[in-house]
Amino acid sequence: MKLICVQNDPGALKIVVAAHHAKQDVSITAPSETKKNFNSTLVLDSGVELFSSNSACSYILEASSGSNNAIEVQEFLEWEATKLNPLVSSLIVGVSNGKKAESSEVGNCLKQISDALKGKPYLVDNKLSAADIAIWSTLYPLVSEQKLSKIVPSDLLEWHNKLSSLDSFRAAVEKLNPKSGVENWASSVPSVTIQFSNLSVAPSAVKSQGSIKLPVANPVLPVKGKKNILITSALPYVNNVPHLGNIIGCVLSADVFARYCRARGHPTLYISGTDEYGTATETKAIAEGLTPKQICDKYHEIHSQVYKWFNIGFDHFGRTSHEHQTEICQDLFLKLHKRGLTLTESMEQLLCENCDRFLADRFVEGECPLCGYEDARGDQCDKCGKLVNATELKNPRCKLCQKKPVTKESKHFFIDLPKIEPKLREWMATSAPGWTNNASVIAHSWIKDGLKPRCITRDLKWGIPVPLDGYREKVFYVWFDAPLGYVSMTKTYTNDWEKWWKNPEEVEYYQFMAKDNVPFHAVMFPSTQLGSGDNFTIVNHIMATEYLNYEDGKFSKSRGVGVFGSDVQDTGIPADVWRFYLLYVRPESQDSSFSWNDLMTKNNSELLNNLGNFINRALMFVEKNFDSTIPKVEFTDEDNELVKNIDEELKGYNEALEKAKLRDGLRFILAVSRHGNQYMQSNQPWVLVKGSEAEKKRAGSILGLSANIACLIAALLRPYMPSTTETISKQLQAPGKTAFDIPDTFSILLPENHKIGKPAPLFSKIDAAQADQLKARFAGSQEDQAARSSGGKPTPPSSSGDVATLQAAIAAQGEKVRKLKSETKDKTVWQPEVNILLDLKKKLTEAEKAAAAAPPPPQASVEDIDSLTAAVAAQGEKVRKLKAETKDKNVWQPEVQKLLDLKKRLETASKNAPPKAETAQPAPAPPASASKASELEAAVAAQGEVVRKLKAETKDKTVWQPEVDKLLLLKKQLAEIQGVPATQTQSGGKSGKKKK
């Protein structure tokens, strides 16, 4: 083995100690070029590179003895990497820059180590482990340097010295021979100590090469005495691309909650995957001319890529077609069968003689026997939502050939739900209080009139076969096998899957879904678990959403209506903005709607003007006025009141997130940034920094506190917008602690003299034109969208001003509406098409008027020109400010383009404006009350005073220019009332002065 490292890296010390202890040879090589902040890399004889010192240390010890898999060891290693190491590194860098060797956070960590060692020579099981080596190495600079050693408790010093006397530790120090001096240790500290990533598992530091089986981080497992959180999200069918409603209803909501739980220090496992068996897959396979396996492979990859783009942090994203699914499903069935909880009955099924096959539920369509809907499926009516049997449909037809099927008998297995019902009711009474209200209502409505036996097998080819003679040609019904996917996927993730799934005393289970999935997760799945006799972990919290609608109608996979996960990547809107908006409108207690205009508004008002504006202003002023160094915060009564308000928001945030009220949690974050904006605006540090020493000191305190509020916002935002949080972290150069902890109360996380990075805007504006363009692009079905993008004509035809074209479009659209209304009474199905028809009729009326009397080109009014002139001036100022802040063309080029567009519009308006009257005298003023003129005169005088004061305080044009613009507008209004030329009023009386 070869270790590439710098001389004073505690990480290298870990690896060399482990190698000596395991009696493994390791050669030491310096990096090819001298670098500060080089991360030690262990190169194995096979060529595999390990980039994490803890992973390398564990690998060496496991290879020699296989004894470092203890959960406690992995806990210590994770804690050392995510808490102790970043804090010690920050302390070393601070002392090297002249700060005192003081840190309450480091002190707390050292006390935790001391407490863990009480009465023991080693941290775990009274024997040396990777945990001892890692912590000893991280503490080595503190113990060996006189400037730092006073912070280490005496009992911990004694433990450290005992280990130092051991041969393997002594030999490692001699081999590395680190230089003395705090500055030498500081030079080895990585510039970014911690990454914002999924840290509930130790980071995998392995670069894959070929087919070598590499060491990986240990899986997340429950920890005795801790709050262990198991999270699953409803498995999406693999037969289509997920739309935004699917994403917010299941995977995104679960992801936010999982990230929050990890940030609170709870051992958390998040499992999901694709549901691949059943008739939906067979139907899609026939439609695309592929095998079911090929369909599953295709769409599993599509789902994986969509969720990866949305930054969904699964611990494992699996498939129900895995062999573990077959094993677990068949085992559960045999246990139910052995316990007398299954029965067989002959049931009538529909056979399509034309296709020569029994028709599974989804291959049958017909009239609902309950509501009369003509396109009900053989398992459920989409209109009334009731479950039906295929043989109950009126006028059934085969979905594949549209022929009428015949009825035949087939023998199937049923689960005897009435026998399990007493246990189910008893369990539900204790579990349901942790569910959302809609989940509780739906579940109780199902059991209200008593449960009936439910068929669990089907005559299909694509599925898990029944493991009993006489039935091996049949497969399990998808609702029976699919929920077991959570269990089988966990088994694929770890061999210790039962520690999660058969451990209800120590595991709290959360399930996220849309409300249509509640019956299967609240009644069916728990019934099979209870009936098996195994000690299953059964769901404690069913978190069901209502539906997210699209503009005026519903998202629909079958009709291809809405925005789909594969579409959003091409909109130019970042994934974090999509996450933010979907969570902002998350349908927690009632249906909500996705709207392009609302997306634009929320992005511009909440992200750009509120949250982004606060963080950017605070950090820009620190960079500009305090050399990127956090000033000392000296609290005033006003500051204490601000912190009190922030703590209230923080309390509300934690209470909301603990209950998985994710939408409410987001509003608390935005409230914190509003407090920060108000604090900055009322104190105006940009003014104070130009004043006396006392005022400058106060400005520094305001900015130091504001930067720390920004740091808190980064931590709170992390479950919602992980990429944005990482960007903020880099701009703050935040210590590791802030990356992982969501606190109970506000505290100073960026100490005095902390150096921040380079501030830059976090968000971009979405303008109305972009929103309108996207709305038009995603109008209609996916087929319509594809036709537009390929140059074809969608249905309905895109309208123009041509009367004949519009008349034809109206006729076609009218026919479409009549057909839909004859097929269904469901207004949500045909109302969007009615809206299109009405819009076409409106355009026809306008086109006919235009054709009857073509007016002359519209002339711009003076007011139009004035508005455009003001807009050009404001946009020009915005461009100048952005160019001054950054050289990144990507940031300011869009604003430059807007400026050019405004100038072009102004030029056109000026050409079309009516000529001014040729007269030497001003036009007579319109009648106006003397009181109005007096009010404006007073307003002009007051605003003039504001401008003079601001100009005296600062030369920063961005501060006082908006107030100047207000003054000029007031003068213009006064001139119009008085009948005086505006230029004379705006000159402020200076025009009479002559230049000598």
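In this predicted model, Gln-349 has its bridge partner in strand S13, and that partner is Lys-408. A second pairing along the way puts Glu-345 opposite His-412 of S13. As a reminder, strands of a sheet pair through backbone hydrogen bonds, either parallel or antiparallel.

S8 also pairs with strand S9 (residues 357-358), again in the antiparallel sense, this time over two bridges. Here Cys-352 stands opposite Arg-357 of S9. The hairpin made by S8 and S9 has four residues between the strands, and Asp-356 takes a positive phi near 55° there. Zooming out, four strands make up an open sheet, in the order S9-S8-S13-S14, with antiparallel pairing. S9 and strand S14 (454-455) are the edge strands, each pairing on one side only.

Now for the helices. Helix H22 (residues 596-626) packs against H24 at an angle of about 50°, and the axes lie 9 Å apart. Is that parallel, perpendicular or something else? With angles under 35 degrees counted as roughly parallel and 65 to 115 as roughly perpendicular, H22 and H24 are therefore oblique to each other. Their crossing is left-handed. On the H22 side, the residues making the contact include Asn-610, Phe-614, Arg-617 and Phe-621; on the H24 side, Ile-669, Ser-673, Asn-677 and Met-680 are among them.

Helix H23 covers residues 637-658, which is 22 residues, and at 1.5 Å a residue it should span 32 Å; its end C-alpha atoms are 32 Å apart, so expectation and model agree. Which residues of H23 are buried? The buried set is Asp-639, Leu-642, Val-643, Ile-646, Glu-649, Leu-650, Gly-652, Tyr-653, Asn-654, Ala-656 and Leu-657. As for what lies over them, the cover includes helix H11 (251-263), helix H24 (662-683) and helix H26 (693-717). After H23 comes Ala-660, whose phi is positive, near 60°. Asp-356, back in the hairpin of S8 and S9, likewise takes a positive phi.

Methods. Residues are numbered from 1 along each chain as its sequence is written. This is a predicted model: local features need pLDDT of at least 70, side-chain atom pairs count only at pLDDT 80 or more; totals for chains, interfaces and linings use all residues. Side-chain values use heavy atoms; hydrogens and water are left out. The expected span of a helix is 1.5 Å times one less than its number of residues. Buried means under 20% relative accessible area, exposed over 50%, partly exposed in between (1.4 Å probe, protein chains only). Contact means heavy atoms within 4.5 Å. Two strands pair if DSSP finds at least two bridges between them. Axes are lines fitted to C-alpha atoms, for helices over the stretch in contact, and angles run from 0 to 180 degrees between N-to-C directions. Angles under 35 degrees count as roughly parallel, over 145 as roughly antiparallel, 65 to 115 as roughly perpendicular and the rest as oblique. A crossing is left-handed if the near helix is turned anticlockwise from the far one by less than a right angle, and right-handed if clockwise.
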